[in-house]
Amino acid sequence: MKKFYLIILFFSFISLANAQVPRVVESNPLLNAAPAKAIKFYPNPATSFINFELIKSNQKGATLQVYNFVGKKVYELSNLNQKTSLSLTEFYRGVYIFQLRDKSGRIVESGKFQVVK
């Protein structure tokens, strides 16, 4: 009789261990919301130029830095205008990373674009 109780206890423990416990996932729009964009860039991929457009008007004194895929800085422009067009005649074909930095040098936003020639 003792073995019978042990066997029942063993199988009930295994079934409890394998049971799927439902998880409650809260749907909080504030936690799942994507951060607001500070800059818009187009066209991507680009051939001869790329436009950078500041979306937030409080980005006065911002700096745009462009790095090649190896990490070398290839372009920097301080005190951006609301809309800036960057000529790509000196850029090689490939993927580039840009960083938008505020006055204090903190990265506000970064992204990547592709140059195709």
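User: How many bridges join strand 1 to strand 2, and in which direction do the two strands run?

Analyst: Two strands count as paired if at least two bridges are found between them. In this predicted model, strand 1 and strand 2, the latter covering residues 49-54, are joined by four bridges and run antiparallel.

User: In what order do the strands of the open sheet lie?

Analyst: The order is 1-2-5, an open sheet of three strands with antiparallel pairing. Strand 1 (39-42) and strand 5 (83-87) have a single partner strand each and therefore stand at the edges, with one side of each left without a neighbour in the sheet. From one strand to the next, the twist averages 20 degrees.

User: Which pattern does the protein follow along the sequence?

Analyst: Reading along the sequence gives α-α-β-β-β-β-β-β-β, that is, two helices and seven strands.

User: What share of the contacts joins residues at least 24 apart?

Analyst: Here a contact means heavy atoms within 4.5 Å. Among contacts between residues at least 6 apart in sequence, 51% join residues at least 24 apart.

User: And what percentage of the residues is buried?

Analyst: With buried taken as under 20% relative accessible area, buried residues make up 26% of the 117 residues in the protein. The accessible surface of the protein comes to about 9100 Å², and carbon and sulfur atoms account for 59% of that surface.

Methods:
Residues are numbered from 1 along each chain as its sequence is written. This is a predicted model: local features need pLDDT of at least 70, side-chain atom pairs count only at pLDDT 80 or more; totals for chains, interfaces and linings use all residues. Side-chain values use heavy atoms; hydrogens and water are left out. Axes are lines fitted to C-alpha atoms, for helices over the stretch in contact, and angles run from 0 to 180 degrees between N-to-C directions. Buried means under 20% relative accessible area, exposed over 50%, partly exposed in between (1.4 Å probe, protein chains only). Accessible areas come from the Shrake-Rupley method with a 1.4 Å probe; for residues, only the protein chains shown count as cover.
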